[in-house]
Amino acid sequence: MTQREWVEQDFYRELGVSSDASQDDIKKAYRKLAAELHPDRNPGDAKAEERFKRVSEANSVLSDPAKRKEYDETRRLFGGGRFGSNGGGFGTGGFGNTGGGTGGFSFSDIFDGATGGGGGGFGDIFEGLFNRGGGAPGGASGSGPQPSRPRRGNDLESEITLGFRDATLGVTTPITLTSPSPCTTCHGSGAKPGTSPRVCQSCNGSGLVSRNQGAFSFSEPCPDCRGTGSVIDDPCTDCSGTGVTVRTRTVNVKIPPGVKDGQRIRLAGQGQAGMRGAPSGDLFVVVHVKADDVFTRSGDDLLVTLPVSFSELALGSTVTVPTLGQPVGVKIPAGTTDGRTLRVRGRGVPKRSGGHGDLLVKVQVSVPGSLDEAAQAALRTYAEAEKASGFDPRSGWAGA
């Protein structure tokens with residue numbers, strides 16, 4: 001895709017959002033469209049597949065704040081994508097195409113020559129937008145033609161839901177993706193097996209050719225290789241020379257211990273394949289963690305509420321408490337109050353820096369719903385002894 005084609009696309013329209021949409025709105029719009037257009041839901045539907053690709057391309061730009069800023073600035077500079085003779089960002093004066101004469105040129109000249117060796121603001125803008133390195137053939141630097149860098153594939157995002165214990169202890173789990181991937185027939189080269197792409201003779205592998213117009217000299221993408229720097233004489237029949245096919249694949253995702261709900265895991269090179277052997281993008285996996293029936297988490301500490309009886313608190317006891325590994329015995333000192341938190345060191349969540357957090361055990365008195373006659377009699381005897389000892393549970397409470 002040329003620079004002009006890239007900027008002329010309305011990525012906001014592709015996602016159905018306004019140009020001032022927030023990053024959350026863009027993410028929600030992309031997820032909705034991606035779910036509707038996903039090849040798994042539309043098998044054999046070429047239009048849905050093409051729309052899925054366009055939506056993914058739009059998201060790869062608008063979801064990245066840096067790319068989105070460059071994209072917005074460039075579209076504002078050139079009149080929001082209207083590239084007619086008088087539709088550019090400079091209006092009708094000076095640079096407008098007058099329709100004749102050797103000195104006039106259109107805004108397509110600016111786009112075509114934006115990455116050339118002439119230098120200046122436009123080249124700087126487009127070098128950042130389109131990741132083109134090096135000067136144009138025969139540029140003033142004298143370094144000669146530089147090979148055109150292949151276009152990296154887009155980043156992808158997926159989601160996974162894990163149980164609390166798996167997320168806390170770490171796990172390796174497979175996920176299934178349907179996305180543009182390197183063609184397995186040509187291994188991403190785009191050339192028919194047994195053949196290889198050759199260096200384009202027109203641009204000597206730089207992807208750019210020079211063109212003079214009036215007093216100006218411009219560089220533009222080579223028409224023979226479309227700016228790639230190489231030519232495929234015998235394209236792969238399975239991918240039509242792109243090096244990419246849409247297929248379903250399984251990726252094993254290693255979840256590190258202690259991952260939190262909403263955390264993103266990056267898998268380098270597991271995203272969308274680049275065209276004709278270019279590097280693949282990255283895969284970002286958003287982890288959702290289910291709530292646990294026993295444990296909750298506070299940072300690297302593990303929290304558990306332990307039901308106990310009154311006698312265990314009053315007389316003291318040692319009780320068994322579950323952990324993420326083997327259960328441990330926790331000593332409850334005599335006279336422990338209800339709601340007190342006891343700390344067991346090193347039995348919490350694994351830390352990224354090494355070691356573990358602590359296990360925090362909150363004791364909570366459990367009162368029986370009913371008592372038999374023997375238990376009631378014993379409890380009345382205790383209540384009398386408690387009163388005789390002078391113990392008053394409401395002493396000092398509410399001004400008492």
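Author: The structure holds zero disulfides. A disulfide here is a pair of cysteine sulfur atoms within 2.5 Å. This is a predicted model, where local features need pLDDT of at least 70 and side-chain atom pairs count only at pLDDT 80 or more, while totals for chains, interfaces and linings use all residues. Residues are numbered from 1 along each chain as its sequence is written, and side-chain values use heavy atoms, with hydrogens and water left out.

Take Cys-186. Its closest cysteine sulfur belongs to Cys-239, at 3.7 Å, which is too far for a bond. Cys-186 counts as buried, at 6% relative accessibility. Buried means under 20% relative accessible area, exposed over 50%, and partly exposed in between, with a 1.4 Å probe and protein chains only. Cys-236 is in no disulfide either. For Cys-236, the nearest cysteine sulfur is again that of Cys-239, 3.8 Å away. Cys-236 is buried too, with a relative accessible area of 1%.

Now the wider fold. The protein chain has ten helices and 15 strands. These are DSSP runs, numbered from the N terminus: helices are H or I with at least four residues, strands are E with at least two. Of the 400 residues, 37% count as buried. Contact means heavy atoms within 4.5 Å. Among contacts with a separation of 6 or more, 63% join residues 24 or more positions apart.

Next, a sheet of three strands. It is open, runs in the order S1-S9-S8, and its pairing is mixed. Strands S1 (156–162) and S8 (264–267) stand at the edges with a single partner strand each, so one side of each has no neighbour in the sheet. The twist averages 25° from one strand to the next. Axes are lines fitted to C-alpha atoms, for helices over the stretch in contact, and angles run from 0 to 180 degrees between N-to-C directions. Two strands pair if DSSP finds at least two bridges between them. S1 and S9 (residues 283–289) run parallel and are joined by seven bridges. Glu-159 stands opposite Val-286 in S9.

Ser-158 is found in S1. Ser-158 counts as buried, at 15% relative accessibility. Leaving aside neighbours within four places in sequence, Ser-158 is in contact with Ile-175, Leu-177, Leu-283, Phe-284, Val-285 and Val-286.

S10 and S11 (residues 301–308) pair in the antiparallel sense over four bridges. Ser-298 stands opposite Asp-301 in S11.

Last, a helix. H3 (residues 23–37) has 15 residues and reaches 21 Å from its first C-alpha to its last, close to the 21 Å expected. That expected span is 1.5 Å times one less than the number of residues. The buried residues of H3 are Ile-26, Ala-29, Tyr-30, Leu-33, Ala-34 and Leu-37. They cover an arc of only 125° around the axis, which puts them on the same side of H3. The arc is that of the directions from the helix axis to the C-beta atoms. Turned away from this buried side is a face with the exposed residues Asp-24, Lys-28 and Lys-32.
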